[in-house]
Amino acid sequence: MQELNFEADHSPTLLVGFDGATFDIIDPMLLEGKLPNIQRLLRDGGRATLMSSTPPLSPIAWTSIATGVNPGKHGIYDFAHRNPDSYDFTPYSSTNKRARAVWDILGEAGKRVCVVNVPLTYPPERVNGVMLSGFPSPPNADDWTYPLPLARELKRNLGDVDFQKPASLVDEGEEDELLEELARTTNNQIRVLKYLLKRERFDFIMTVFDGIDSASHSLWKHLDKSHPKHNPRFAERGRRVFFSSYELADEALGRLLDSFDARPNVILLSDHGNGPVHYGVYINNWLSERGYLAFRGGFETRLKRWAFRHGLNAYNLFRLAKRLRVLPGVEAAYAKDSAALRLVKHISLSFADVDWERTRVYSFGNYGQLYVNLRGREPRGAVEPGAEYDELTDKLRRELLDLRDPRRGNRMFDLVLSKKELYRGPFADEGPDLIFLDSKMLYNAHRFFELATNSLVTPHPVYSGNHKPNGIFIASGPQIQIRGETGVASVLDVAPTVLAIAGIATPAHMEGIALQGRVSPSIRHREMPVAIGDGGRVEEPHDFDDSQYAGLAQRLRNLGYL
């Protein structure tokens with residue numbers, strides 16, 4: 001596939017993200033005459049299915065979109081990572097990103113950039129332009145803009161400038177409240193963007209709208225009568241709010257397009273798709289039953305284990321509290337850092353009860369990723385690198401592929417991938433050793449505490465909809481040559497394409513390709529050297545206060561990710 005050859009002109013490039021959007025929803029709405037602003041992009045442009053990261057998780061995918069490299073080079077694997085000297089987990093922030101983003105490269109070429117609400121950009125980076133941090137910025141943070149005084153300027157001139165992603169976990173009957181919050185935050189984001197675009201001229205603008213993803217997590221059950229959480233009483237309202245999230249995003253796109261005097265080059269994309277999820281799988285239970293994960297022998301842990309086996313665990317306690325109407329449901333309670341939640345975490349089994357010297361494998365992450373307790377990498381590693389590691393991961397792969405739903409009898413996971421297959425680069429060893437997925441993604445080994453229930457499988461404890469790998473890519477503009485339906489592209493192709501529009505050659509460390517004409521019908525990546533070359537960290541605008549990690553963790557809990 002050839003590189004793009006663009007004629008030089010002065011059209012700005014606008015990259016708009018609809019987090020979680022899918023053509024599965026967009027295409028039927030287009031046939032109904034809805035989403036007019038997406039339709040106007042398609043009239044003069046082209047589209048492709050944009051394949052997400054593995055797993056299809058926002059912090060990984062958006063970082064790959066921004067950098068054009070895989071996690072082995074940019075170092076982001078989830079919403080949180082294990083601390084080097086313990087088995088505690090800390091949220092990722094922008095300081096953990098170890099590859100240059102497209103806005104850094106454009107800025108070094110003298111281009112003015114405007115980056116607004118892109119995930120994992122807190123604290124904001126020093127750029128040639130402005131950056132307004134995206135989720136999960138800590139609540140009430142006052143250092144969420146670069147330059148720093150811009151926060152006060154926006155507040156002074158616009159008033160309410162909060163556009164942070166709202167909690168996507170709403171109880172039945174609260175659907176309209178979610179829509180009101182989505183409308184408020186989306187409108188605020190557009191107001192801020194229009195203000196910035198009037199304030200100065202930018203060569204590159206990147207912004208991400210979160211509403212579709214929030215609605216998809218909570219409301220997908222209303223689209224599918226076969227969903228285990230489907231409730232006919234709320235289905236009509238839930239469907240209306242769900243489709244309204246797409247219409248809100250489309251309206252925001254139109255308002256943004258109308259802010260330009262000249263037609264910009266536009267790329268509209270999503271980091272992943274969305275679809276139904278039915279079941280949660282508690283893989284640490286399975287690891288414990290098979291002897292891969294061991295517990296301490298002290299009295300407190302033995303008492304917790306007895307209570308856990310007899311049903312006194314987080315999942316059942318929240319279900320009971322909901323029936324007694326003393327607490328919200330499992331989903332809402334999971335998203336609130338309440339006293340009840342802290343109590344349940346205290347009395348439930350957790351990683352604090354694990355005997356790490358006798359533990360060979362543990363699961364952590366939003367897709368149940370498996371980590372080998374490797375000697376020399378983990379603080380109290382029990383598995384030797386080399387032959388023992390290889391034998392263990394091969395055995396785990398076979399056993400995961402044969403793992404069955406105890407009630408339904410079907411195999412749950414048909415894709416088991418190793419880090420050697422997925423990641424390449426100087427930070428590849430920091431990633432999970434195995435990722436296991438259901439290709440239909442109806443089963444999800446989501447993290448609900450470390451050990452939430454004595455069951456292997458339950459209805460998903462948090463969501464009714466979750467991420468799928470098929471995102472969207474639409475491109476239109478005076479310098480963009482893509483036309484019509486073009487096949488499949490990768491999140492790694494976005495940064496090279498943006499640079500090509502600006503007339504900048506793809507840096508050697510990037511793995512994607514600049515897209516032109518027909519996108520490859522199957523995903524292709526150029527073979528690139530492992531060294532990241534010029535992909536070092538950019539200078540930060542200010543020191544990152546470690547106490548803000550508490551705020552990041554709180555934000556992620558409110559969003560249902562921790």
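## Salt bridges across the model

A search of the whole structure turns up 37 salt bridges. A salt bridge here is a side-chain nitrogen of Lys or Arg within 4 Å of a carboxyl oxygen of Asp or Glu. Keep in mind that this is a predicted model, in which local features need pLDDT of at least 70 and side-chain atom pairs count only at pLDDT 80 or more, while totals for chains, interfaces and linings use all residues. Residues are numbered from 1 along each chain as its sequence is written, and side-chain values use heavy atoms, with hydrogens and water left out.

Let's start with Arg 47 and Glu 485, whose side chains meet in a salt bridge of 2.9 Å, N to O. The two residues are 438 apart in the chain: Arg 47 sits in strand S2 (residues 46-51) and Glu 485 in strand S20 (residues 484-490). Helices (H or I, at least four residues) and strands (E, at least two) are DSSP runs, numbered from the N terminus.

Buried means under 20% relative accessible area, exposed over 50%, and partly exposed in between (1.4 Å probe, protein chains only).

## A buried pair and its network

Next, look at Asp 433 and Lys 419, which form a salt bridge with their closest N and O atoms 3.4 Å apart. Asp 433 lies in the loop between helix H16 (419-422) and strand S15 (434-437), and Lys 419 lies in helix H16, so the pair ties together parts that are 14 residues apart in sequence. Asp 433 is buried, at 2% relative accessibility, and Lys 419 is buried too, at 8%.

Which residues join this pair in one network? Salt bridges that share partners connect Lys 419 and Asp 433 with Arg 82, Arg 377, Glu 378 and Asp 429.

## Two helices side by side

Now for a helix pair. Helix H8 (residues 211-219) packs against helix H9 (residues 232-257) at an angle of about 165 degrees, with the axes 9 Å apart. Axes are lines fitted to C-alpha atoms, for helices over the stretch in contact, and angles run from 0 to 180 degrees between N-to-C directions. H8 and H9 are therefore roughly antiparallel (an angle over 145 degrees).

Residues making the contact (heavy atoms within 4.5 Å) include Ile 212 and Leu 219 of H8 and Val 241 and Phe 242 of H9.

Technical notes
Parallel < 35°, antiparallel > 145°, perpendicular 65-115°, else oblique.
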